[in-house]
2 protein chains.
Amino acid sequence: MEYYSSHISNLIEQLSRLPGIGVKSAQRLAFHIMNLPKEEVNLLASSMTQAREKIQYCKSCFTLTDEEFCPICRNLRRDQNQIMVVENPRDLAAYEKTGKYEGVYHVLHGAISPMLGIGPDEIRLKELMQRLQSQEVQEVIIATNSSLEGETTAMYISKLVKPTGIKVTRIASGVPVGGDLEYIDEVTLLRALEGRVEL
Amino acid sequence: MEYYSSHISNLIEQLSRLPGIGVKSAQRLAFHIMNLPKEEVNLLASSMTQAREKIQYCKSCFTLTDEEFCPICRNLRRDQNQIMVVENPRDLAAYEKTGKYEGVYHVLHGAISPMLGIGPDEIRLKELMQRLQSQEVQEVIIATNSSLEGETTAMYISKLVKPTGIKVTRIASGVPVGGDLEYIDEVTLLRALEGRVEL
């Protein structure tokens, strides 16, 4: 791309490394950025570095946050006895948008996948079990995706938790098979929550 | 989005302002960025601010570059007597990729659009006319898009340039190479028929 200046080529290359952004989109974004006022570009750039700088895992639920405990775990109105287990923070966000779930979460940061070589130790499962021992919990709602990995993870968690006597439920398969939670509409998400069955 | 930390919410908001990036994509990008090593995030951020900082218009063809004159205008092997007029630097890049065009360019940064209130003074037309007066030019090839705005701009430029005696041409429009006739719109089919050449 020597017909672009080196700085633009560099920016296009950096942008095209982002997920879902090909070379064409990266070009489009780069030229858009070149046309923004300098202050806005600085704001965009610093929002990235600052967020990345401050980010940490919530010490209770392990979602990404910028304080020791996330806003949901700190919220005294949330039911600490009910823990919804999700694969990642985007899935947490998807359930939060329904506005109807009043418990707290546990973010695994992945799912068990023999194909990709991701075992139970690679996700935040140990932390979930520690949490169940150290605090009083009445129900664990497994809301992993309805994919092969998600189902495998759900079965695995269910087997781990059941001996403790804590109730384990799985969100209903109102969620389409193979579907990714973050792209599903709120009504379906709620239907799945209501229809959860004990495992 | 108070269930995200303020820094993540801020980043998502900044990203979702970019063209073609909705809230869902912005979320996905933000969490991808949160999972990158800090150094890579700093690299991405600084590639934006640096490119924006250094960017300027080429003093000859007005494409975006980081020096006084762009690499194409500086290249002595390029034919300075042939100027291809394009709407934006991406269109310039599209023709450069063919590797066959040996002339230089003129980047308008837009097209005339009565609908959007963009007149001839809002694009780099005056600069084109000044260029035609100050340097010897044999041909102006108009390669604006084949949209309403692009055609309007082409007609306008043609009327301006013709009195100077310089040859004005327009890139052909017709059926794309490899294109299947049954999937091509009627306007293009008619244009291809009108533009037929003797074999």
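What span should the 14 residues of helix H7 of chain A have at 1.5 Å a residue? The answer is 20 Å, and the end C-alpha atoms of this helix (residues 148-161) are 20 Å apart, which agrees. The expected span is 1.5 Å times one less than the number of residues. Helices here are DSSP runs (H or I, at least four residues), strands are E runs of at least two, and both are numbered from the N terminus.

This is a predicted model, in which local features need pLDDT of at least 70, side-chain atom pairs count only at pLDDT 80 or more, and totals for chains, interfaces and linings use all residues. Residues are numbered from 1 along each chain as its sequence is written, chains are lettered from A and ligands numbered from 1 in the order in which they are written, and side-chain values use heavy atoms, without hydrogens and water.

Look along H7(A). Gly150(A), Thr153(A), Ala154(A), Ile157(A), Ser158(A) and Val161(A) are buried. Seen down the helix axis, the buried residues of H7(A) fall within an arc of 135 degrees, so they line one face. The arc is taken from the directions from the axis to the C-beta atoms. Buried means under 20% relative accessible area, exposed over 50%, and partly exposed in between (1.4 Å probe, protein chains only). An α-helix has 3.6 residues a turn, so residues three or four places apart point the same way. The face turned away from the buried side carries exposed Leu148(A) and Lys159(A).

What covers the buried residues of H7(A)? The cover includes strand S3 (79-86), helix H6 (125-134), strand S5 (139-142) and strand S6 (167-170) of chain A. Contact means heavy atoms within 4.5 Å.
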